Amino acid sequence: MHGEYKTPGGKLVRVDFDVVDEHLTDVVVSGDFFLYPEEALEAITQSLFGVSSTASESALAGRIGAAIPAGTEWLGSSPEALAIAVRRALTPESEVNA
Amino acid sequence: MSDEISPVPIEEQEKRWKSYDWKLIPAVAQRPLINMALDEVLTVRVGRGDRPPTIRIWGWANRCIVLGRFQSVKNEVDELAAQENGVEIVRRISGGGAMFIEPEGAITYSIYAPEEMVKGLSFSESYAFFDGWVVESLRSLGVDAWYAPLNDIASSGGKIGGAAQARRGGAVLHHTTMAYQMNVPLMLSVLRIGKEKLSDKGITSADKRVGPLRQQTEMPREEIIDHIVGTFQDKYGLTVGGITAEEMADAEALVESRFGTRKWIYFLP
């Protein structure tokens, strides 16, 4: 599954994953954002492994935000933006367009 | 949050630029992988004090796509089209977006500076800080250019370029690529530019948003490069240097161990 979200005036975050037994696995987070230090991507990505596919946007954002090490600078994107991308990936097109 | 720190006054910013003996590395055509590795090597050396603060003008030996540090290959590149058109895929050390590069189509430079130079500036402010002299230089050529946060050089004729930064052991790497001439059909065949990326730009087509410098100045690429280098020299002082044999050997070694490996290029598949 694939979802993406561009923060207005900021950058694009993309997420690819599979859902097994209603939980996220094989998560890859990518995009044209900036992240210092670079290793923080691992923590961000890991925070989504095993998450329920029914988790709300705010629950996702909270979980992602809590996993980001102190002192990390994420420019152009955010836990909230990634949470939107995840929800978009999980929402069928018909509902998005409705 | 760094946004709450009061901005460093312009006079203080100018003083910081003038407080170093800047070295210029003029353009020499290099393999894309060597260009990636040189940014790492030169940033680390400036951080260690082994080399003075430096500006490098890039030269390109061949066509390539330069992916940002956090981009996935399959999301950004049509790999088959890239292969068919002899477009190499490389990954740089800084974040930001993919660039399609043809040797005569882009103007790229790197600034390697001590981290103390951006003390008190937020990350966002530091982008505008490092490209301010280039915007000024373009304006003196009659291009209606300005800095568009976070990391773009924009103009009334369209986007001109984008910057990215990385930080390593006490040094900042700031590099910027500006479009000189665009091969739009080839770019669109090798890069995947989705609708979502353009969603807040108010436009529908990727080629309409770029304003290459050839179109805006009608000047040869080398003259534009000479002009922006001249602007830097006049404002802050600059002496011509070059890459040392040892630095080049380090870059070659890093291509072997890191930048040329599948593990690095396909870090995010």
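**Note on helices H5 and H8 of chain B**

1. H5(B) passes H8(B) in a right-handed crossing, where right-handed denotes that the near helix is turned clockwise from the far one by less than a right angle. This is a predicted model, in which local features need pLDDT of at least 70, side-chain atom pairs count only at pLDDT 80 or more, and totals for chains, interfaces and linings use all residues. Residues are numbered from 1 along each chain as its sequence is written, while chains are lettered from A and ligands numbered from 1 in the order in which they are written.

2. H5(B), residues 123–139, reaches 24 Å from its first C-alpha to its last, although a kink of about 50° is centred on Asp131(B). Among its buried residues are Phe130(B), Asp131(B) and Val134(B), buried meaning 20 or more other C-beta atoms within 10 Å of a residue's own.

3. Ile224(B), found in helix H8 of chain B, is buried, with 21 other C-beta atoms within 10 Å. Leaving aside neighbours within four places in sequence, Ile224(B) is in contact with Ile107(B), Leu213(B), Thr217(B) and Met219(B); Ile107(B) is 117 residues away in sequence, with a C-alpha to C-alpha separation of 8.8 Å.

Methods
Helices (H or I, at least four residues) and strands (E, at least two) are DSSP runs, numbered from the N terminus. The expected span of a helix is 1.5 Å times one less than its number of residues. The bend at a residue is the angle between axes fitted to the seven residues ending there and the seven starting there. A residue is buried if 20 or more other C-beta atoms lie within 10 Å of its own, exposed if 12 or fewer, and partly exposed in between; C-beta atoms are placed from the backbone. Two residues are in contact if their C-beta atoms, placed from the backbone, lie within 7 Å.
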